[in-house]
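Trainee: I would like to go through the labels used for this model and see what each one rests on.
Mentor: Then ask about them in turn.

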Amino acid sequence: MPMKSLSLDKLVLFLDKELGLAEFPRDESANGLQVEGSKRVRRIGLAVDACAYVFREAAALQVDLLIVHHGLIWGGVRAVTGLLRDRIRLLLDNDISLYACHLPLDWHPSYGNNAELLRLLGIRGTGEFGEYHGRRIGYRGRLKKKTSLNSFVARVDSLLGTKACSVDFGAAVENIGVVSGGGWSALYDAERSGIDTFLTGEPSHSAYTLAEEMKVNLVFAGHYATETPGVKAVGRMLSEKFGVESIFIDHPTGL
Ligand SMILES: [Zn+2]
């Protein structure tokens, strides 16, 4: 059976709308199609970061379109030189298109990192949480039953394959706020949202004393690990909807 192929233009239009790109006009990331390769898409790659390792893997896997959370273009391009030249050359030499979706893929209620993290951890969503550039991109939710921080962290680690770093400020874990990646500043939202535990990606020293005074436990599960669920969900959706092959390209940073 011949492999199913889709038009790149149509797929990009679909993704722009489905992923809600228009919701974040002020995102620093140039969301959407960043590099145009093959006009036909047979195989889609999903990854967290746009980088040479991922591009080489994508080429070896004969990917036509690569969808990433962290793209190549942030705030515009002034020159295509050095590392950026090499990265773009890798894509164009292999006819691979690059599509980036940053904040919309943290926030998205169906495919976003934060909604997916709640779902994976079995936490019932109770509302939005965590302001970033003027709008909320995370979610908060409640566990069925209170638990200790240690057992919550063990659950995070087993589901995400991480070794999360946590700081215990005494409260039992029940109401959890989640903001993926480098989302520590969303902690400011904790004061009014009544959470007892904040789960984010990168550890931040600045979060410590704030959390201490708010009596909110901190769980840092890693920027990378908290941002794989979104692109994976997009891959599943595209395979189900269009019958196209999608492959997650893992390049964990451990950070
Ligand atoms: Zn990120």
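**Labels and their grounds**

Mentor: Gln-62, which follows H2, has a positive phi, near 55°. Keep in mind that this is a predicted model.

Trainee: Which residues of helix H2 are buried?

Mentor: In H2, residues 52-60, they are Val-54, Phe-55 and Ala-58.

Trainee: What puts them on the same side of H2?

Mentor: They cover an arc of only 100° around the axis, so they sit on the same side of H2. The face turned away from that buried side carries the exposed residues Tyr-53 and Ala-60. Strand E4 (43-49), strand E5 (65-70) and helix H3 (82-93) are among the elements covering the buried residues.

Trainee: Why is H2 called roughly parallel to H3?

Mentor: The two axes come within 9 Å and cross at roughly 10°. Angles under 35 degrees count as roughly parallel, and therefore H2 is roughly parallel to H3. On the H2 side the contact is made by Ala-52, Phe-55 and Arg-56, and on the H3 side by Asp-86, Arg-87, Leu-90 and Leu-91. Those residues divide into four nonpolar, three charged and no polar.

Trainee: Why does Gly-194 count as exposed?

Mentor: Gly-194 has 12 C-beta neighbours inside 10 Å. A residue is exposed at 12 or fewer, so Gly-194 counts as exposed.

Trainee: Where does Gly-194 lie?

Mentor: Gly-194 is in the loop between helix H7 (190-193) and strand E11 (197-200). Its C-alpha atom is separated by 35 Å from that of Ile-67, 127 residues apart along the chain.

Notes. Residues are numbered from 1 along each chain as its sequence is written. This is a predicted model: local features need pLDDT of at least 70, side-chain atom pairs count only at pLDDT 80 or more; totals for chains, interfaces and linings use all residues. Helices (H or I, at least four residues) and strands (E, at least two) are DSSP runs, numbered from the N terminus. A residue is buried if 20 or more other C-beta atoms lie within 10 Å of its own, exposed if 12 or fewer, and partly exposed in between; C-beta atoms are placed from the backbone. The arc is that of the directions from the helix axis to the C-beta atoms. Two residues are in contact if their C-beta atoms, placed from the backbone, lie within 7 Å. Axes are lines fitted to C-alpha atoms, for helices over the stretch in contact, and angles run from 0 to 180 degrees between N-to-C directions. Angles under 35 degrees count as roughly parallel, over 145 as roughly antiparallel, 65 to 115 as roughly perpendicular and the rest as oblique. Ala, Val, Leu, Ile, Met, Phe, Trp, Tyr, Cys and Pro count as nonpolar, Asp, Glu, Lys and Arg as charged, and the others, Gly among them, as polar.
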